[in-house]
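These are my notebook entries on one structure.

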Amino acid sequence: MAGIYLHIPFCKQACYYCDFHFSTSLKRKDEMIHALKKELLLRKEELKNEIVETIYFGGGTPSLLTVEELQVLIDTIYNNYSVALNPEITLEANPDDLSEEKIIELSKTPINRLSIGIQSFFDDDLKFMNRAHSAAESKKCLSIATKYFDNITIDLIYGVPNMTNKKWMKNLKMAFDFGVPHISSYALTVEEKTALDTFIKKGTVPPVDENLALEHFNILIEETEKQGFIQYEISNFGKPNYFSKHNTSYWLGENYLGIGPSAHSFNGAERAWNIANNAKYIKSINQNILPIEIEKLTGNNRFNEYIMTGLRTIWGVSFEKVEKEFGALRLELLKKNSEPFINKGLLEIQLGTFASPALVTTKKGRFLADGIASDLFIV
């Protein structure tokens, strides 16, 4: 089982908090589509023994592509890879790109899952983030999209300065009212060299309040649970049968191929990533050269990655898997190092999904999962 991720590196405008790779100029869009197709051809041997079960258009803003351009990329995958009978095919989209006409067109393609970047249902928050859409566009887009697509996830951001708990609850209520079966929700974080980072350093915007973010996170867990959502990963809440198959494959350490500038790939033994520069990426691919860097993972690297991703999910870290893949010594070390966190009520041992004991974060430990994981790393 494998996944293919395609990075579409274009956006209408830059959100103040974003540090992903993209360009706000669409001038080289045609050349980029050609390069993405060519990279798919150049790398098809990498998945020759795998069945592709998920395809994910991320970015950037993939919904800036026309339906015809998306179809060309899907056809290239189908013609050159072994694709499962009913793969999950996700398109990330912004509300302002999803007119009724475009949603109807998309519903006739193999794309069967929409990931819509709502972020907030309030205009003042959207202006603060420099989003290209309005709250009215969000609501209009969702009222149409839910008629044509059953599998929809939306993104929401919490911990935004001046967002009261009451306002955060209203955001969640609106999501529930639209009946979306999946929500991905993230705390506002300040990445270096973003506009938000500059504003905070200049004092024009208040710094992010971690206590507020924690309050919002606890409300999020409580309210989604009441609505029948399962928090299957720290930031991801899905109704039964609506978990993201593509993202779950990342967390479970399955193989995936990343196509496009800045896209990452993983094959179990190596991690690779493409150059994060559109012009250099296009030039290189046109010369049949993969603009890629590869890191061979050591046993400790792979162990640390499994701890990091495992503790973020409901499946946790399987003792059986650790022993089988990383050895009895690492398992003993993990058990010893996790004791203080178990004693503090941040971790617990459960009989996991894999029918062997698994180390999982408790409700209290969930918000701290990344920090706990780094303390369990073998350095």
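I count a salt bridge when a side-chain nitrogen of Lys or Arg lies within 4 Å of a carboxyl oxygen of Asp or Glu. The model is predicted, so I took local features only at pLDDT of at least 70 and side-chain atom pairs only at pLDDT 80 or more, while totals for chains, interfaces and linings use all residues. Residues are numbered from 1 along each chain as its sequence is written, and side-chain values use heavy atoms, with hydrogens and water left out.

Entry 1, salt bridges.
I found 16 salt bridges in the structure. Side chains of opposite charge can pair when their charged atoms come close. I looked up Arg 312 and Asp 370, whose side chains form a salt bridge at 3.0 Å, N to O. Arg 312 sits in the loop between α11 and β13 and Asp 370 in helix α14, so this pair ties together parts 58 residues apart in sequence. For names like these, helices (H or I, at least four residues) and strands (E, at least two) are DSSP runs, numbered from the N terminus.

For accessibility I use three classes: buried is under 20% relative accessible area, exposed is over 50%, and partly exposed is in between (1.4 Å probe, protein chains only). Arg 312 counts as buried at 19% relative accessibility, and Asp 370 is partly exposed at 35%. I also noted a network in which Lys 12, Asp 96 and Asp 97 are joined by salt bridges that share partners.

Next I took Lys 363 and Glu 225, which meet through their side chains at 3.3 Å, N to O. Lys 363 lies in the loop between β15 and α14, and Glu 225 in helix α8 (residues 210–226), so the pair ties together parts that are 138 residues apart in sequence. Lys 363 is partly exposed, with a relative accessible area of 48%; Glu 225 is partly exposed too, with 48%.
I also listed the salt bridge between Lys 48 and Glu 45, at 3.6 Å, N to O. Lys 48 is exposed, at 54% relative accessible area.

How many disulfides does a search of the whole structure find? It finds zero, taking a disulfide as a pair of cysteine sulfur atoms within 2.5 Å. For Cys 141, the nearest cysteine sulfur is that of Cys 15, 15 Å away. Cys 141 is buried at 2% relative accessibility, and Cys 15 is buried at 13%.

I read α13 as residues 328–343, 16 residues in total. From first C-alpha to last it reaches 23 Å, close to the 22 Å expected at 1.5 Å a residue; the expected span is 1.5 Å times one less than the number of residues. A kink of about 30° falls at Asn 337, shortly before Pro 340. That bend is the angle between axes fitted to the seven residues ending there and the seven starting there.

Which residues of α13 are buried? I list Leu 331, Leu 334, Ser 338 and Phe 341. The buried residues of α13 pack against elements including α11 (299–310), α12 (319–326) and α14 (369–376), where contact means heavy atoms within 4.5 Å. Just after α13, Gly 345 has a positive phi of about 80°.

Strands β7 (residues 230–233) and β8 (residues 236–238) pair antiparallel over three bridges; pairing requires at least two DSSP bridges between two strands. Ile 230 stands opposite Gly 238 in β8. The hairpin joins β7 to β8 through two residues.
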